[in-house]
Amino acid sequence: AQYYGVVSVGTPPQSFTVVFDTGSSNFWVPSAYCISEACRLHQKFKSFLSDSYEHGGEAFSLQYGTGQLLGIAGKDTLQISNISVKGQDFGESVFEPGLTFTFAHFDGILGLAYPSLAVGSALPVFDRIMVQQLVEEPIFSFYLKRGDDNENGGELLLGGIDHSLYKGSIHWVPVTEKSYWQIHLNNIKIQGRVAFCSHGCEAIVDSGTSLITGPSSQVRRLQEYIGASPSHIGE
């Protein structure tokens with residue numbers, strides 16, 4: 001599954017689908033000047049059509065767990081639903097090698113991790129939202145819906161929590177390092193027995209992937225436990 005939503009950049013607005021990714025901090029969309037096949041198949045940002053665009057000129061590169069890209073930094077107005085963010089740092093990708101982004105359902109990625117993880121001098125979107133005091137609380141929350149309902153795959157709420165979407169109480173876990181959304185795990189159990197991380201370990205909560213990743217030897221053991229076998233690319 002790929003969870004993504006629509007945002008717009010520029011004046012007048014140009015719309016893009018983006019992954020709201022807690023595993024990265026930069027926001028980018030494909031540039032009209034991109035030379036890759038992935039860009040040809042997706043919406044591209046035309047900076048020359050935006051009255052509010054500010055050219056940054058700083059080149060950057062991003063490397064994800066799967067996929068990488070090169071781009072140029074700039075600033076423009078970002079619209080997320082009814083929230084308008086002025087002067088938001090973002091990147092225009094000009095080169096997206098490989099197939100990762102070619103067949104993606106989304107155009108770009110909107111990072112929601114901490115500023116220390118951002119490449120270059122970019123301030124992440126939610127930090128810019130907080131600086132401009134555009135939300136009531138410094139909180140964002142996800143509701144990810146299962147199934148094939150493409151019209152309502154879930155919800156990202158900026159500035160609070162939708163209490164109608166869950167029962168019981170929320171269990172809050174401290175962030176152990178402000179880069180990724182990193183937390184401490186006491187252990188990992190399979191069928192009630194501790195199988196991994198017996199002395200505690202660190203993990204990140206990453207909304208940008210559907211994969212569970214970890215040390216190769218332990219992932220292989222996990223695959224054995226559940227009767228799975230790795231693909232040719234190790235997944």
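Proline 12 is found in the loop between strand 1 (5-9) and strand 2, strands being DSSP runs of E with at least two residues, numbered from the N terminus. The model is predicted, so that local features need pLDDT of at least 70 and side-chain atom pairs count only at pLDDT 80 or more, whereas totals for chains, interfaces and linings use all residues. Residues are numbered from 1 along each chain as its sequence is written, and side-chain values use heavy atoms, with hydrogens and water left out.

The peptide bond that joins threonine 11 and proline 12 is cis, with omega at about 0 degrees. Glutamine 14 lies in strand 2, which comprises residues 14-21. Glutamine 14 counts as buried because its relative accessibility is 14%; buried means under 20% relative accessible area, exposed over 50%, and partly exposed in between (1.4 Å probe, protein chains only). A polar atom of the glutamine 14 side chain lies 2.9 Å from the backbone nitrogen of lysine 46. Leaving aside residues up to four places away in sequence, glutamine 14 touches Val7, Ser8, Val9, Lys44, Phe45, Lys46, Leu49 and Ser50, where contact means heavy atoms within 4.5 Å.

Serine 81, with a phi of about 55 degrees, is found in the loop between strand 5 (68-80) and strand 6 (83-95). Its relative accessibility is 66%, and serine 81 therefore counts as exposed. Glutamine 191 also has a positive phi of about 55 degrees and is placed in the loop between strand 12 (188-190) and strand 13 (193-196). At 81% relative accessibility, glutamine 191 likewise counts as exposed.

An open sheet of three strands has the order 10-11-14, with antiparallel pairing; two strands pair if DSSP finds at least two bridges between them. Strand 10 (177-178) and strand 14 (201-204) each have a single partner strand and stand at the edges, so one side of each is left without a neighbour in the sheet. Strand 10 is joined by two bridges to strand 11 (residues 181-185), and the two run antiparallel. Glutamate 177 has glutamine 182, in strand 11, as its bridge partner.

Phenylalanine 142 is found in strand 8 (residues 140-144) and counts as partly exposed because its relative accessibility is 33%.

Note on methods: Helix = DSSP H or I, 4+ residues; strand = E, 2+ residues; numbered from the N terminus. Polar contact = N/O pair within 3.5 Å; in protein donor to acceptor, adjacent residues only side chain to side chain.
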